There are 2 protein chains.
Amino acid sequence: MALIVQKFGGTSVGSIERIEAVADLVVKTRQQGHQVVVVLSAMSGETNRLINLAKQIDTRPSSRELDVLISTGEQVSVSLLAMAIIKRGHSAVSLLADQVNILTDNMFGKARIAEVAATRLKHELEHNRIAIIAGFQGRDIEGNITTLGRGGTDTSAVEIAAAIKADECQIYTDVDGVYTTDPRVEPNARRMSQVTFAEMLELASLGAKVLHIRSVEAAGRHNVPLRVLSSFNPDEGTLISFEENDMPSKVVSGIAFNRDECLIKVDGVPSGTQYLSKILKLFADNGIEIDMINQVNHIFEKIDYAFTVHSNDYLQALELLSEDQAQLSAQNISGLPTVAKVSAVGMGMKSHSGVASLFFDALAQENINVVLVSTSEIKISVLIDEKYLELAVRALHKAFLTENG
Amino acid sequence: MALIVQKFGGTSVGSIERIEAVADLVVKTRQQGHQVVVVLSAMSGETNRLINLAKQIDTRPSSRELDVLISTGEQVSVSLLAMAIIKRGHSAVSLLADQVNILTDNMFGKARIAEVAATRLKHELEHNRIAIIAGFQGRDIEGNITTLGRGGTDTSAVEIAAAIKADECQIYTDVDGVYTTDPRVEPNARRMSQVTFAEMLELASLGAKVLHIRSVEAAGRHNVPLRVLSSFNPDEGTLISFEENDMPSKVVSGIAFNRDECLIKVDGVPSGTQYLSKILKLFADNGIEIDMINQVNHIFEKIDYAFTVHSNDYLQALELLSEDQAQLSAQNISGLPTVAKVSAVGMGMKSHSGVASLFFDALAQENINVVLVSTSEIKISVLIDEKYLELAVRALHKAFLTENG
């Protein structure tokens with residue numbers, strides 16, 4: 001008997017039929033002798049419907065009240081699933097953030113979980129009840145409703161699993177696991193049966209959409225084994241493990257990519273770290289996150305900087321830099337929005353040389369120019385012209401991951 | 001400066017446009033220098049939409065989970081109204097039952113309020129915030145979400161008004177006050193500017209739908225002045241007062257009616273109160289409420305009983321009696337569903353004789369037979385054939401309430 005947390009996303013509970021299917025799946029797990037705690041998202045479309053109501057009143061509605069509004073989405077799905085499980089003859093109880101005691105900070109719309117109390121959940125488990133918890137939401141210390149932002153329900157599930165020391169946190173979604181790359185781009189992409197936590201962290205941060213980076217971080221922090229699997233076609237999915245010795249034999253585990261990056265160039269800045277410092281402060285003060293950074297030193301002590309930012313922040317970033325151009329002593333400020341990032345990730349890179357060479361060869365063979373490069377112990381990322389993205393993904397997948405590659 | 005509780009029903013907040021209109025109305029009251037606490041129903045149609053979702057899963061869904069589900073309706077409307085008021089430059093905060101601390105018993109779907117804590121509301125008022133409270137809902141002592149059933153939001157408003165010692169509890173609805181009778185039946189019906197609490201209690205219990213009996217009872221228990229008025233066309237409405245000296249000059253204040261009653265006859269029962277006792281226990285054990293009771297004593301010590309029950313309980317009541325016919329020693333059990341109750345209510349009846357005579361004369365002139373009669377100090381009710389109901393209402397309205405009547 002194991003203690004399992006099962007999280008179902010919006011498409012998994014997107015209709016009454018889907019909720020019935022999830023009820024069957026939960027009951028089946030229970031009947032196999034496991035204890036089950038379920039964490040749910042809102043039915044797909046519901047959160048957008050609610051946000052649309054709010055926007056009709058105010059294009060920038062009160063963030064506290066927006067959280068009160070959209071947290072109803074999960075309240076609806078948990079009550080409906082509880083009804084469906086009770087109808088199947090099992091004890092179930094829906095629980096909201098205040099009933100479980102999920103404490104967050106007070107950053108409405110993007111709150112972080114500070115603590116999940118295990119008491120109530122343990123009580124329900126001891127009484128053989130299936131607890132069905134509204135994900136994506138919490139309460140701050142004053143009792144205000146908060147929501148966790150993107151990937152929030154995954155994070156809820158992981159934090160809950162950590163609190164009750166679950167044996168596994170299963171993330172049910174609309175794909176059946178983590179793939180070597182996006183199958184819509186590379187039809188030869190394969191599901192990995194296992195991936196290490198470190199690799200998953202890189203893949204998620206580099207654009208693989210199956211798990212949100214915050215939930216992977218939380219899993220890492222709490223040492224919670226994660227499994228990604230499909231609620232439409234339940235199989236073994238992909239296990240995200242902490243066991244280094246479970247490392248796959250391939251040097252590279254997956255190819256990730258991200259279309260949402262834009263390039264910003266600040267050229268001809270005098271040497272001295274104070275200028276870079278000023279640029280970074282300007283971004284930080286305005287909540288703009290920088291991903292890749294590159295620095296090219298010229299003769300005559302001039303330096304060119306290149307940054308990538310999220311496409312949502314692109315225009316604001318350019319505007320801010322242009323306003324401060326004189327103060328930054330920059331000769332030229334320019335941007336290029338039509339770029340994309342492609343990355344290869346693998347624990348094997350640590351111990352295998354020649355990976356970078358193979359990586360750049362694969363791109364060179366397709367005449368793909370590299371604008372920026374960024375590396376870590378277990379990944380290589382490059383920024384390229386967006387129109388070559390699919391080609392680059394397929395070339396790298398073939399080089400590292402296809403059976404005859 | 002007064003402290004006013006304003007309650008808005010489902011049609012009053014039935015669309016974004018209506019919520020904007022309510023925001024204007026609340027802000028106007030605030031700008032007149034009053035302190036305002038708002039209590040809201042769900043947007044009209046929303047509760048039914050949610051119940052329909054539940055019924056797709058289970059025709060008799062878990063009552064605990066049904067309350068979790070339908071309480072989201074009020075959560076949506078309070079957050080949207082708070083946004084609309086904040087957009088207008090005023091401080092507002094939506095509050096749910098657990099945030100206000102509205103304690104109820106644990107009768108899901110028909111819970112009764114045990115206590116409303118004033119602390120949080122006073123705190124918000126002291127900080128000049130307009131508190132917008134989700135009506136219709138509470139929490140039981142274990143923290144489970146409960147709902148109050150029919151007329152629940154009116155009851156929430158009255159209990160909240162009592163807790164904070166409001167000067168007036170304003171019930172905004174889709175009609176502009178309490179009428180002498182239903183204007184859809186008698187076009188000459190007039191809005192009363194004032195009605196006593198005792199009269200309103202009778203009118204509500206006799207079928208006037210504008211206020212639910214439980215909210216009127218709560219107002220009476222806590223001595224809360226109520227005002228019924230329209231959110232579509234705000235005017236002075238109808239004040240429900242406790243002042244006997246404000247008694248209207250008319251002997252009869254209003255004509256109420258109820259189509260939902262059915263007649264049940266138990267004939268030829270031996271004399272002795274034990275048989276009536278058995279019948280009443282049978283009803284009570286099955287949760288069937290009796291409205292009117294009549295007893296006719298015959299020679300040879302046989303007694304005929306007549307009762308009225310709600311049409312929802314009619315078939316079950318007949319079935320239960322038929323099963324126990326032998327045990328009740330009844331010669332015959334029969335029913336008549338096509339009956340209706342019409343009543344005249346007025347404080348003036350206490351001091352005026354001849355009201356009953358005028359009442360029965362008005363019916364007799366239209367050849368309307370009376371099946372059952374029931375009276376109190378301030379009302380006369382009769383059960384008649386349903387098809388004569390409109391005729392009876394108009395005849396009584398003419399006799400007591402038309403200017404030339």
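Is N223(A) buried or exposed? This question opens the exercises below.

The structure is a predicted model, in which local features need pLDDT of at least 70, side-chain atom pairs count only at pLDDT 80 or more, and totals for chains, interfaces and linings use all residues. Residues are numbered from 1 along each chain as its sequence is written, chains are lettered from A and ligands numbered from 1 in the order in which they are written, and side-chain values use heavy atoms, with hydrogens and water left out.

**Exercise 1. Classify N223(A) and describe its backbone.**

Step 1. Begin with the cut-offs: a residue is buried under 20% relative accessible area, exposed over 50%, and partly exposed in between (1.4 Å probe, protein chains only).

Step 2. The relative accessibility of N223(A) is 52%, and therefore N223(A) counts as exposed.

Step 3. Locate the residue. Helices (H or I, at least four residues) and strands (E, at least two) are DSSP runs, numbered from the N terminus. N223(A) belongs to the loop between α9 and β11 of chain A, and its position is just after α9(A).

Step 4. Consider the backbone angle. Most residues other than glycine have a negative phi. N223(A) is not a glycine, yet its phi is positive, about 60°.

Step 5. Turn to chain B for a further case. N367(B), a residue other than glycine, also has a positive phi, near 60°. N367(B) sits in the loop between α12 (355–365) and β19 (370–376) of chain B. With a relative accessible area of 64%, N367(B) is exposed.

**Exercise 2. State which residues of helix α9 of chain A are buried, and what covers them.**

Step 1. Helix α9 spans residues 213–222, and its buried residues are R214(A), S215(A), V216(A), A218(A) and A219(A).

Step 2. The cover over these residues includes α7 (152–163), α8 (197–205) and β11 of chain A.

Step 3. Examine one residue of α7: E159(A) is found in this helix. Its relative accessibility is 9%, so E159(A) counts as buried.

Step 4. List its contacts, where contact means heavy atoms within 4.5 Å. Leaving aside residues up to four places away in sequence, E159(A) touches I113(A), V116(A), A218(A), R221(A) and H222(A).

**Exercise 3. Determine which chains supply the contacts of I145(B).**

Step 1. I145(B) is placed in strand β8 (residues 145–147) of chain B. At 5% relative accessibility, I145(B) counts as buried.

Step 2. Beyond residues up to four places away in sequence, I145(B) touches Q75(A), L96(A) and Q99(A), and also residues of chain B, among them D67(B), V68(B) and F108(B).

**Exercise 4. Describe chain A as a whole.**

Step 1. Chain A has 14 helices and 20 strands.

Step 2. The radius of gyration is taken over C-alpha atoms, and the globule rule is 2.2 Å times the number of residues to the power 0.38. For 405 residues a compact globule would have a value near 22 Å, and the 23 Å of chain A agrees with this.

Step 3. Buried residues make up 56% of the 405 residues in chain A.

Step 4. Of the contacts in chain A between residues at least 6 apart in sequence, 74% join residues at least 24 apart.
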